[in-house]
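Welcome, and thanks for taking a look at this one with me. Please open the model beside the text and follow along as we go from one region to the next.

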Amino acid sequence: MKKGIIHTYREYLPVTDQTPVISLQEGGTPLIHAKNLSAQLKSPLSVYLKCEGMNPSGSFKDRGMTLAVSKALEKGAKAVMCASTGNTSASAAAYAAKSGIKCVVIIPEGNIALGKLSQALVHGAQVISIKGNFDDALRIAREVTGGFPIELVNSINPYRIEGQKTGAFEICDQLGKAPDYHVLPVGNAGNITAYWKGYKEYRDKGRIKELPVMLGFQSAGAAPIVLGKVVKNPRTIATAIRIGNPAGWKQAEEARDESKGLIDSVTDDEIIEAYKLLAKSEGVFCEPASAAAVAGIIKKDREGYFGSERKTAVAVLTGHGLKDPDRAIGVSELPVSLAANVETIAQAIGF
Ligand code: F0G
């Protein structure tokens with residue numbers, strides 16, 4: 001039974017009997033073997049999909065938000081605030097609604113997916129859209145929360161990282177070991193930081209023997225870590241990771257270097273190819289940013305990176321496809337409109 005990550009992994013988290021636990025039963029997400037995708041690869045790599053879109057608000061953010069909002073409440077905060085490309089705001093709005101505190105979100109105008117915006121609005125958050133990108137929004141959120149008793153719940157809040165590290169614990173519990181490769185999209189670089197911390201803690205506690213190699217992927221038009229410099233005007237169809245100056249830059253590089261991994265980029269075309277492949281041949285509908293992880297696996301496989309030994313990779317599908325219905329429709333064949341009679345329909349389906 002799903003009980004929420006604070007309950008399940010309490011001994012690994014900074015909570016006490018005084019912490020009011022605000023949970024929507026996040027975590028416990030499926031780890032699905034991607035048989036058809038694995039069969040298409042050159043190397044004998046067994047790919048698993050960690051379906052984080054199955055969390056209560058439809059993304060991995062809920063793992064961090066349950067802890068960040070619980071700790072904010074314990075501290076006596078009256079409000080939480082975040083800058084967001086969409087998912088953080090959806091999650092913050094949901095957990096704030098559950099706990100009865102105010103939630104303010106700052107989003108880049110015109111660059112957040114419809115599903116995510118609808119979530120923040122329906123949960124009753126105050127949504128402020130700015131003429132700027134995510135990096136501008138985060139700068140403003142940091143300054144405002146610095147001056148008032150409002151808790152910042154972006155991933156620079158350490159409780160977000162603590163909660164999100166439970167994704168690594170779960171993968172190890174599900175596989176019985178760490179995967180050889182852990183693959184994920186990188187935006188503000190909180191999640192790669194959290195996963196690496198989680199794997200190291202599980203190793204230190206003797207729960208796993210080996211650590212995975214961390215493979216992070218940015219969008220080619222928003223790839224500051226790959227380029228080694230801030231991207232002033234990040235551009236990508238994967239709006240969730242449209243970030244030019246990630247807050248967790250240094251920690252992401254540490255995860256990459258300590259694990260002997262890499263952070264590379266994938267193009268929007270490669271992202272869409274992976275997005276469609278997951279939907280059409282695995283039955284898994286994720287959002288474009290999430291597909292960047294699988295696009296990365298396909299790219300590295302074509303380059304021969306994975307070699308000829310049997311290995312396992314886990315790709316984190318960070319958000320649900322329904323978050324961004326416009327993109328799904330945009331890359332698909334639209335329905336045909338026909339007369340309501342049996343012969344016409346039978347003819348159209350080839351019978
Ligand atoms: N995938 C999705 C679906 C995301 O929403 C995000 C980040 C990432 C990947 C990247 O994770 O930032 O920890 O490296 N979304 C943030 C937001 C920025 O505001 O929702 P990261």
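Does Ala-189 count as buried or exposed, judged by its relative accessibility? This is a predicted model, and in it Ala-189 has a relative accessibility of 4%, so the residue counts as buried. Ala-189 belongs to the loop that runs between β7 and α9 (190–204). Its phi is positive, about 70°, even though the residue is not a glycine. Most residues other than glycine have a negative phi.

Gln-25 is another non-glycine residue with a positive phi, here about 60°. You will find Gln-25 in the loop between α1 (5–8) and β1 (31–33). Its relative accessibility is 42%, and therefore Gln-25 counts as partly exposed.

## A parallel sheet

Next, have a look at the open sheet of 4 strands, which pair in parallel in the order β5-β4-β3-β6. The edges are taken by β5 (126–130) and β6 (150–152); each has a single partner strand, so one side of each is left without a neighbour in the sheet. On average, neighbouring strands of this sheet are turned by 20° against each other, direction ignored.

Strand β4 (residues 102–108) pairs with β5 in the parallel sense, over 5 bridges. Across this pair, Val-105 stands opposite Val-127 in β5.

## The nonpolar cores

The largest nonpolar core has 39 residues, and Leu-49, Val-183, Val-294 and Ile-297 are the ones that touch the most other members. Several elements supply at least two residues each, including the strands β2 (45–51), β8 (213–219) and β10 (311–317) and the helix α12 (268–282). Helix α13 gives the most, with 8 residues.

Another core, of 30 residues, lies apart from the largest one, and Ile-6, Cys-172, Tyr-195 and Ala-252 are among its members.

## A pair of packed helices

Finally, turn to helix α3 (residues 61–75) and helix α4 (residues 87–99), which pack at an angle of about 45° with their axes 9 Å apart. The two helices, α3 and α4, are therefore oblique to each other, and their crossing is right-handed.

Which residues make this contact? From α3 come Lys-61, Asp-62, Met-65, Thr-66, Val-69 and Leu-73. From α4 come Asn-87, Thr-88, Ser-91, Ala-92, Tyr-95 and Ser-99.

Notes:
Residues are numbered from 1 along each chain as its sequence is written. This is a predicted model: local features need pLDDT of at least 70, side-chain atom pairs count only at pLDDT 80 or more; totals for chains, interfaces and linings use all residues. Side-chain values use heavy atoms; hydrogens and water are left out. Two strands pair if DSSP finds at least two bridges between them. Axes are lines fitted to C-alpha atoms, for helices over the stretch in contact, and angles run from 0 to 180 degrees between N-to-C directions. A nonpolar core is a set of buried Ala, Val, Leu, Ile, Met, Phe, Trp, Tyr and Cys residues joined through side-chain atoms within 4.5 Å. Buried means under 20% relative accessible area, exposed over 50%, partly exposed in between (1.4 Å probe, protein chains only). Angles under 35 degrees count as roughly parallel, over 145 as roughly antiparallel, 65 to 115 as roughly perpendicular and the rest as oblique. A crossing is left-handed if the near helix is turned anticlockwise from the far one by less than a right angle, and right-handed if clockwise. Contact means heavy atoms within 4.5 Å.
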